[in-house]
Amino acid sequence: MTEEKRVVLDVEDLCKDFVLENGSRLSAVDHVSFQIREGECFAVIGESGCGKTTLAKLITRVEEATSGRVIFQDRDITALGRGKMKSVLRDMQMIFQNVLSVVSPKMKIQDFLLEPYRNFRLMPKREALENIRRMLKSVRLTEAVLKKYPHQLSGGELQRICISRAFGMNPQLLICDEITSALDVSVQDDVMKLFRELQSQHGIACLFICHDLALVSNYSDRIMVMYLGQNVEIIDSADLGTKALHPYTRGLLQSFLFISSDRGRAIRTISGEPQSPVDVSANCRFCTRCPKASSRCFEEVPPLREVGPGHYVACFLLE
Ligand SMILES: Nc1ncnc2c1ncn2[C@@H]1O[C@H](COP(=O)(O)OP(=O)(O)OP(=O)(O)O)[C@@H](O)[C@H]1O
Ligand SMILES: [Mg+2]
């Protein structure tokens with residue numbers, strides 16, 4: 001258990017409503033709370049549109065929260081001004097899925113890697129390059145990549161370059177948004193092994209956004225399951241297969257075929273239509289698809305309750 005470790009990120013009751021052109025409100029993140037501790041890999045999973053990227057944008061203040069707080073290293077950063085936020089962002093690095101959209105096609109890898117050292121005025125170029133070479137070695141790349149352009153490298157190589165850049169800043173928190181989704185399955189595994197190795201070496205906390213349940217259960221410490229903006233369950237990754245309780249988490253598990261799964265097991269998808277996230281009423285967002293929903297589930301938001309050590313579930317059916 002990671003209980004005694006320092007809390008690096010504390011997200012309290014975070015909400016984000018987008019006001020659409022016709023005046024209606026889209027609730028993308030709905031009262032989400034969780035903590036991430038030093039050295040921990042905290043995964044966020046859930047289907048497309050459930051608010052994972054919005055959550056990352058709220059933490060990094062790319063988007064402003066409608067309500068709630070983000071406490072980073074004991075400091076409330078929810079309302080920090082731009083200047084102060086810039087220095088916070090050095091300690092909070094992000095890695096995205098589509099690396100090529102981050103790396104300009106006209107930029108040599110060396111310049112891409114030097115960029116944060118220049119932006120944060122960290123050290124002279126020579127020292128920065130030494131650091132960069134060391135980090136490239138740690139992601140098993142040679143310095144020959146420094147002279148190349150992004151299109152001359154594979155997706156896996158580019159992602160490893162982004163990982164080396166983020167770790168090179170020695171952050172307190174790394175936010176990874178679908179960093180393996182664009183890669184082949186065999187490359188995904190290599191990148192994840194490398195990532196976890198570096199993460200434990202550096203003791204960095206990580207918010208790992210991913211929609212691949214099998215990948216996440218292998219490589220993270222804890223998992224938060226989101227459904228249409230709501231945080232429905234937080235569970236230790238090792239317990240996911242056996243102790244998950246929320247009907248949505250259970251539905252997800254039944255719809256996945258793990259490598260270790262019994263080949264004869266039937267795969268069941270979650271039936272029913274998801275609710276629209278626009279102008280939602282206060283209820284459990286999963287009520288329209290839950291096989292056991294009661295009238296209360298349609299009328300009230302279930303609170304997130306601790307049901308076992310470090311295991312939280314938001315579901316009336318468990319009361
Ligand atoms: N700027 C915006 N304006 C209006 N609606 C938005 C905006 N950004 C996101 N949304 C909506 O918020 C919801 C959550 O989107 P988000 O991108 O966070 O989902 P996601 O879980 O990251 O999905 P994916 O797995 O496809 O990346 C979606 O319904 C999306 O359409
Ligand atoms: Mg996303």
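Reader: How many residues lie between β1 and β2 in the hairpin that they form?

Author: There are five residues between the two strands, and G23 in the turn has a positive phi of about 90 degrees. This is a predicted model, in which local features need pLDDT of at least 70 and side-chain atom pairs count only at pLDDT 80 or more, while totals for chains, interfaces and linings use all residues. Residues are numbered from 1 along each chain as its sequence is written, chains are lettered from A and ligands numbered from 1 in the order in which they are written, and side-chain values use heavy atoms, with hydrogens and water left out.

Reader: How many bridges join β1 to β2?

Author: Nine bridges join β1 (residues 7-19) to β2 (residues 25-37), and the two strands run antiparallel. Two strands count as paired if DSSP finds at least two bridges between them. Within this pair, V19 stands opposite R25 in β2.

Reader: Which strands make up the open sheet, and in what order?

Author: The order is β2-β1-β4-β5, four strands with antiparallel pairing. Because β2 and β5 stand at the edges with a single partner strand each, one side of each is left without a neighbour in the sheet. Between β1 and β4 there are five bridges, again in the antiparallel sense. L9 is opposite F72 in β4, and D10 has I71 in β4 as its bridge partner.

Reader: Which way do side chains point in a strand?

Author: In a regular strand the side chains alternate between the two faces of the sheet.

Reader: Which helix lies across β1, β2 and β4?

Author: That is helix α1 (residues 52-59), which runs at about 115 degrees to β1. Such angles run from 0 to 180 degrees between N-to-C directions, and the axes are lines fitted to C-alpha atoms, for helices over the stretch in contact (heavy atoms within 4.5 Å).

Reader: Is α1 mostly covered or mostly uncovered?

Author: Helix α1 is mostly covered, with six of its eight residues buried. These are K52, T54, L55, A56, L58 and I59. Buried means under 20% relative accessible area, exposed means over 50%, and partly exposed is in between, computed with a 1.4 Å probe on protein chains only. After α1 comes R61, whose phi is positive, near 65 degrees.

Reader: Are D74 and E178 buried or exposed?

Author: D74 counts as exposed because its relative accessibility is 71%, whereas E178 counts as buried at 9%. D74 is in the loop between β4 (67-72) and β5 (75-76), and E178 is in the loop between β7 (173-177) and α7 (185-202).

Reader: Where is C176, and which residues does it touch?

Author: C176 is in strand β7 and is buried, with a relative accessible area of 0%. Leaving out residues up to four places away in sequence, C176 touches I95, F195, C206, L207, F208 and I209.

Reader: How many disulfides does the structure hold?

Author: It holds zero disulfides, a disulfide being a pair of cysteine sulfur atoms within 2.5 Å. For C290, the closest cysteine sulfur is that of C315 at 6.2 Å, which is too far for a bond. C297 is in no disulfide either, and its nearest cysteine sulfur, in C284, is 6.1 Å away. Both cysteines are buried, C290 with a relative accessible area of 13% and C297 with 6%.
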